[in-house]
Amino acid sequence: MSARDIFHNVVKTALEHDGWTITHDPLSLEFGLGSLYVDLGAERVIAAQRENEKIAVEVKSFLSGSAVSEFHTALGQYLNYRLLMREQYPEYKLYLAIPLSNPSCYL
């Protein structure tokens with residue numbers, strides 16, 4: 001399993017404060033070569049519809065010297081995770097959490 005991103009706990013706390021229950025930390029995805037891990041899985045009840053809304057969140061900081069390289073890595077992970085999640089967790093919606101305060105992450 002890879003190391004947690006520097007903003008992992010910030011995103012986790014923000015989700016909890018917004019009413020999400022963390023159900024997976026991390027969410028494991030299985031495939032032929034091994035396992036991949038989405039940083040967080042969470043869910044909450046939508047009161048108006050009374051059904052569960054489930055999400056998975058991959059956390060990225062974009063703190064290294066090359067924002068373009070990190071963007072490509074994050075995009076590749078996101079696409080891989082999305083493909084595997086459609087098979088293993090079709091009820092989850094995948095999100096990518098990135099910091100808004102780092103303008104270099106906007107291409």
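Modeller: A residue is called buried when its relative accessible area is under 20%, exposed when over 50%, and partly exposed in between, using a 1.4 Å probe and the protein chains only. In this predicted model, buried residues make up 30% of the 107 residues in the protein.

Biologist: On what basis are such values given?

Modeller: The model is predicted, so local features need pLDDT of at least 70 and side-chain atom pairs count only at pLDDT 80 or more, while totals for chains, interfaces and linings use all residues. Residues are numbered from 1 along each chain as its sequence is written, and side-chain values use heavy atoms, with hydrogens and water left out.

Biologist: Which pattern does the protein follow along the sequence?

Modeller: Helices (H or I, at least four residues) and strands (E, at least two) are DSSP runs, numbered from the N terminus. Here there are two helices and six strands, in the pattern α-β-β-β-β-β-α-β.

Biologist: Which residues make up the largest nonpolar core?

Modeller: A nonpolar core is a set of buried Ala, Val, Leu, Ile, Met, Phe, Trp, Tyr and Cys residues joined through side-chain atoms within 4.5 Å. The largest has 10 residues: L27, L29, V38, A56, Y81, L84, M85, Y89, Y92 and L94. Helix α2 gives the most to this core, with three residues.

Biologist: How is a pair of aromatic rings described?

Modeller: Such a pair is described by the distance of the centres and the angle of the planes. Rings of Phe, Tyr and Trp (its six-membered ring) pair if their centres lie within 6.5 Å; planes under 30 degrees apart count as stacked, over 60 as edge-to-face and the rest as tilted. A search of the whole structure finds one aromatic pair. The rings of Y89 and Y92 have centres 5.5 Å apart and planes at 80 degrees, so the pair is edge-to-face. Y92 is buried, with a relative accessible area of 10%.
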